[in-house]
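Please read this briefing alongside the sequence and the structure shown below.

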Amino acid sequence: GDGHTEALKVEYDPTKTSYEALMTRFFAEASAHKSKPQYMSAVWAQNAEQRATAERIARQSGKPIPVLDAKQWHDAEEYHQHYIDKQYGRR
C-alpha cells in the first residue's frame, strides 16, 4: 500500500450527543479485524480529553483497536466522496 488509511471524519453536535456516547457506539460496532492496514478500525483523537475517553472505552470493550493522535486531514478524491449515497442511488 501507499501508507494511507481509509478514514471517516465524524462531525457531531455536542449539545445533541456526547463524545463518550459516540465512542461507546463505535467500540460496540467496530471490528478489530483488519484485512489490510488501510482498512483498520481506529480512533484519531483530536485532543487529550478525547484520547483519554476513547482509551477508557477501548479498554472496557476489550477490543484491540488503536487510539491515535489525529494527523492533518486530507479529503479523498471527489469520486470517493459520498460513496454510500452514490452506490445506492441517493445522489
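The model is a predicted one, in which local features need pLDDT of at least 70 and side-chain atom pairs count only at pLDDT 80 or more, while totals for chains, interfaces and linings use all residues. Residues are numbered from 1 along each chain as its sequence is written, and side-chain values use heavy atoms, with hydrogens and water left out.

**Aromatic pairs**

- Tyr 12 and Tyr 19 make a tilted pair, with 6.4 Å from centre to centre and 35° between the planes.
- Tyr 12 is partly exposed at 32% relative accessibility, whereas Tyr 19 is buried at 14%; buried means under 20% relative accessible area, exposed over 50% and partly exposed in between (1.4 Å probe, protein chains only).
- The ring centres of Phe 26 and Phe 27 lie 5.0 Å apart with the planes at 85°, so this pair is edge-to-face.
- Phe 26 is partly exposed, with a relative accessible area of 25%, whereas Phe 27 is buried, with 2%.

**Helix α1**

- The buried residues of α1 are Tyr 19, Met 23 and Phe 27; seen down the helix axis they fall within an arc of 60°, so they line one face of α1, the arc being that of the directions from the axis to the C-beta atoms.
- An α-helix has 3.6 residues a turn, so residues three or four places apart point the same way.
- On the other side of α1, Arg 25, Ala 28 and Glu 29 are exposed.
- The buried residues of α1 pack against β1, α2 (48-61) and β2 (67-69), with contact meaning heavy atoms within 4.5 Å; helices (H or I, at least four residues) and strands (E, at least two) are DSSP runs, numbered from the N terminus.

**Largest pocket**

- The largest pocket has a volume of about 1,800 Å³, a volume being the space filled by probe spheres set on grid points that are joined across faces, edges and corners.
- Of the 36 residues that line this pocket, Glu 6, Ala 7, Leu 8, Lys 9 and Trp 73 are the closest to its centre; on a 1 Å grid over the protein atoms alone, with a 1.4 Å probe, a pocket is an open set of points with protein on both sides within 12 Å along at least five of seven lines, and lining residues have an atom within 4 Å of a point.
- The elements that give two or more residues to the lining are α1 (19-29) and β1 (43-45), and α1 gives the most, with six residues.

Technical notes
Rings of Phe, Tyr and Trp (its six-membered ring) pair if their centres lie within 6.5 Å; planes under 30 degrees apart count as stacked, over 60 as edge-to-face and the rest as tilted.
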